[in-house]
Amino acid sequence: MQDKSLMFYMIRSELEDAVGVENVSTKEIERAVYSVDYFWLSRKWQDAGEQGPMPDIIVRPGTTEEVSKVMKIANYYKIPVTTWGGGSGSQGGALPVAGGILLDIKRLDKLIELNTEAGFVTCETGMIFATLEDLVNEKGYSVMHLPSCMTCCTVGGALAHNGIGILSTKYGKMDDMCLSLEVVLPNGDIINTLPVPKHSSGPNLIPFFVGSGTLGIMTKAKFKIVRQPETRIHHAFLFSDIHVGYQACRDIVQAVKPSIVRLFDEAETVSIIKKIIGFEKRGSFLNLTLEGYEKVVAAELEIVLDIAKKYGAEDLGTEYGEKWFQNRITFFYPDNIMDLPQMFGTLDTVATHDNIEKIYRAMKAAVEDNFKEYGVRFISHSSHWYDWGAMNYSRFIIDNPPKDPEEALRLHNQVWNCGVRAALANGGVLNDHHGVGLKLSRLVKEQYGPAIQVLQALKKELDPNGIMNPYKLGL
């Protein structure tokens, strides 16, 4: 669609007929906006004066039916379509690398139903997640999905990469919270998953779309909601090292159900934790939150204190835990988060309890040993826990990366290849909650091995023309 031929204008006219002239744009300045998300390479590319991938046409549908019309047009002409929510993703999943149509869904922002008696809320997926949470809060409830990006991410974006919030240890990820979906398939058909997420009536369709971002466009979603807790308490501990911390946290999450379990390695304890909340001691810092009915929380806290004592933890009380919770977004503000000109990335993975420390050690060694010449730093914490395992949120930071964008791209991908392969070799996966997108798509086949044919078959059947967010998720 690059050349502005008669056919280009005929297609644009069809799209304008579908969503309204005012909701279609080919202005270069608007197209440029969608060439950068929070993916480090897209930002570095722009910072170096290079032009990132731009769509040919921006389309802003306002209803599911309009999304359907757009997809039918795109499918007929075999035009690539990339969906854009808030643009806050760090994996390049929303970048229009194949040009074509950029489908901005933020006009789909309506609250459909809030049912406190049955315990669910239904909304359109272009709604900013903080807006959804505010609407539910007004009734004394919460979705309990509180990611750091909630003020700028859309509901659809959170679903597309199966996102996670800070309270996940108690309430789960997006796939635990989502009850049903409305989806527009690449051919324009509108489908609905079954009204409940758990059944034995054939395969559950929700996992085909939540976490994929390339098999269809989610336009409505129903989530469970819960009452705001009667009490929420934060408690901090200091372990001698992360090895002991891992053992203690494993015992804790197998005994009680905290909402937050955030264990920091020694390097992050003396850098990020010290900087934000003023904690000076060395060791492995743990912030833990319990919430619910006061009587239950009191009993859970007693168990947690016993386990912490068993592993020789220093009880830091509530002060630092409360400071961490109050500053949970501050960690991501300018001057606190890494930013250009630094090179950085979050190598998050998830594994069973027997592998999580092994992965931490292997990933740390792989990154530090292979990129010493660049002065790489490696810091890590485990912030989302299950009774069967946990995730590692490990970061690499290079303060003075190559200035040349091509050299920087090469180094960036080499670090990622090295770190991710260390995780895969030790029982981990490509990613825990940021998604695959463009950043990790080349490694999907390595992760799945022969099982990749299952995903490829789904993609081929649902999107035979390959128009839906191409080159993402390795599909």
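Biologist: What makes two strands a pair here?
Modeller: Two strands pair if DSSP finds at least two bridges between them; strands (E, at least two residues) and helices (H or I, at least four) are DSSP runs numbered from the N terminus. This is a predicted model, in which local features need pLDDT of at least 70, side-chain atom pairs count only at pLDDT 80 or more, and totals for chains, interfaces and linings use all residues. Residues are numbered from 1 along each chain as its sequence is written, and side-chain values use heavy atoms, without hydrogens and water.

Biologist: What makes strand 2 (residues 57–59) and strand 4 (residues 101–104) a pair?
Modeller: Three bridges join them, and the requirement is at least two. The two strands run parallel, with Ile 57 opposite Ile 101.

Biologist: In what order do the strands of the open sheet lie?
Modeller: The four strands follow the order 1-2-4-3, with mixed pairing.

Biologist: Why are strand 1 and strand 3 (81–84) said to stand at the edges?
Modeller: Each has a single partner strand, so one side of each lacks a neighbour in the sheet.

Biologist: Why is Asn 23 called buried?
Modeller: Its relative accessible area is 8%, and buried means under 20% (exposed is over 50%, partly exposed in between; 1.4 Å probe, protein chains only). Asn 23 is therefore buried.

Biologist: Where is Asn 23, and what does Asn 23 contact?
Modeller: Asn 23 is in the loop between helix 1 (6–19) and strand 1 (24–25). Leaving aside neighbours within four places in sequence, Asn 23 is in contact (heavy atoms within 4.5 Å) with Ile 58, Val 59, Arg 60 and Arg 107.
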